[in-house]
Amino acid sequence: MGIVIRNISKCFQAGKDGKEEFLAVDDVSFQVPKGHLVALLGPSGSGKSTILRIIAGLEEPDSGDIFLQEEDVTSRPAHERGIGFVFQHYALFKHMTVWKNIAFGLEVRRRPSKEIRERVERLLELVQLRGYEGRYPAQLSGGQRQRVALARALAPYPNVLLLDEPFGALDAKVRRNLASWLRRLHDEVRITSVFVTHDQEEAFEIADEIVLINRGKIEQIGIPNEIYDHPSSKFVASFIGHVNVLECHAKSGGIFFCHDGVMIPGMKSPGATGEVVLLIRPENVDVSFEHTSDRIPGHIMDIRYRGDRYEIDLEVEGLKVNMKKDKVYGENLNLALGQRVFVRFNRCSVFESEGGHAAIRAKLQSLGYIE
């Protein structure tokens with residue numbers, strides 16, 4: 001096993017007088033198999049970067065243990081852990097050329113000049129910066145600087161690579177390109193890696209496995225399609241991708257819309273009775289012009305063309321429901337504003353509504369997942 005994290009917790013002092021405590025990491029445990037790339041995903045302030053800094057030795061946990069390559073490194077200083085660290089804002093030496101930046105870690109370890117030259121040349125090839133070795137960071141684009149930072153982290157042959165939102169300072173298109181490139185690079189070097197991000201698309205594209213963090217705790221661990229298709233909590237379902245949040249009532253084995261008591265066809269209560277929330281992804285909403293027993297009447301409220309897809313707002317029993325369909329499907333349907341359609345929910349997640357619908361709505365709004 002490449003990395004093993006056992007029951008780590010970390011508190012920070014907070015408040016103007018420093019007497020309040022903020023629990024940033026709360027009894028977190030997970031493992032990263034050797035050669036795998038795992039993403040720590042979650043909203044800002046969820047504890048992701050603190051966990052990464054604890055693994056690196058830049059923060060000391062209040063409790064728990066860290067094992068790297070099956071060795072307990074909990075008490076070891078950062079420079080003795082064999083870790084390469086890539087920061088969001090590059091942290092390159094401005095007065096050094098690309099070559100010198102990459103060679104730095106090997107030079108401070110007093111490696112032979114021939115070894116340094118061969119390693120730097122290999123890494124320049126690997127990060128696709130051959131011909132840029134004589135330039136300074138100010139002469140590079142943001143994406144090029146981050147590739148230099150990655151090469152510098154890899155140069156001393158680390159056992160583990162840690163990346164803290166490495167593309168956060170870049171624009172969206174460059175981020176997507178670099179994310180794809182990083183996945184290909186990892187497949188080539190196969191170094192055990194942990195990647196922190198708040199961008200779910202980035203995590204889905206890069207990671208072998210995702211550890212979803214919320215308020216210092218792990219919400220769910222799994223491969224991307226497990227987390228997307230089988231969320232374990234309301235938070236996971238609402239944070240990952242877009243989702244329709246419908247307030248419903250469970251009784252007699254069925255699920256009913258709260259405001260008018262209409263039963264939702266094909267939806268069965270998971271044993272709960274009382275207030276529940278139905279979480280439905282837009283791609284799992286389907287419409288037809290034929291009224292069948294598994295569909296509910298509705299109307300087209302809005303149609304938005306997004307280039308590769310259509311986003312369609314439906315009115316169903318007085319509720320707004322968003323639907324997403326690819327371009328061909330949307331054009332073949334030939335939908336129009338105000339048109340009467342019949343709606344089916346192909347897949348959904350049902351959760352009991354502890355504290356009532358108002359409490360659930362307030363929590364999701366405070367986290368920024370619904371308007």
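Two strands pair if DSSP finds at least two bridges between them. Strands (E, at least two residues) and helices (H or I, at least four) are DSSP runs numbered from the N terminus. The structure is a predicted model, in which local features need pLDDT of at least 70, side-chain atom pairs count only at pLDDT 80 or more, and totals for chains, interfaces and linings use all residues. Residues are numbered from 1 along each chain as its sequence is written, and side-chain values use heavy atoms, with hydrogens and water left out.

**View 1. An open sheet of five strands with antiparallel pairing.** The strand order is β13-β12-β11-β14-β20. Strands β13 (263–268) and β20 (349–352) form the edges, each pairing on one side only. From one strand to the next, the twist averages 40°; axes are lines fitted to C-alpha atoms, for helices over the stretch in contact, and angles run from 0 to 180 degrees between N-to-C directions.

**View 2. The antiparallel pair β11 and β14.** Strand β11 (residues 244–251) is joined to strand β14 (residues 274–280) by seven bridges. C248 stands opposite V276 in β14.

**View 3. The salt bridge between R347 and D229.** A salt bridge is a side-chain nitrogen of Lys or Arg within 4 Å of a carboxyl oxygen of Asp or Glu, and by this rule the count comes to 24. In the pair shown, the closest N and O atoms of R347 and D229 are 3.3 Å apart. R347 lies in the loop between β19 (340–345) and β20, whereas D229 belongs to helix α7 (residues 224–229), so the pair ties together parts that are 118 residues apart in sequence. R347 is partly exposed at 43% relative accessibility, and D229 is partly exposed at 30%. Buried here means under 20% relative accessible area, exposed over 50%, and partly exposed in between (1.4 Å probe, protein chains only).

**View 4. The salt bridge between D308 and R309, and its network.** The side chains of D308 and R309 meet at 3.3 Å, N to O. D308 counts as exposed, with 52% relative accessibility, while R309 is partly exposed at 29%. Through salt bridges that share partners, D302, R304, R306, D308, R309, E311, D313 and K320 are joined into one network.

View 5. The buried residues are K48, T50, I51, L52, I54, I55 and A56. G57, which follows α1, has a positive phi near 90°.

**View 6. Helix α5 and its surroundings.** Helix α5 (residues 172–189) has 18 residues and reaches 26 Å from its first C-alpha to its last. This span is close to the expected 26 Å, where the expectation is 1.5 Å times one less than the number of residues. The buried residues of α5 are R175, L178, A179, W181, L182, R183, L185 and H186. The elements covering these residues include β3 (37–41), α3 (113–126), α4 (142–154), β7 (160–164), β8 (192–197) and α6 (200–206), contact being heavy atoms within 4.5 Å. After α5 comes R190, whose phi is positive, near 55°.
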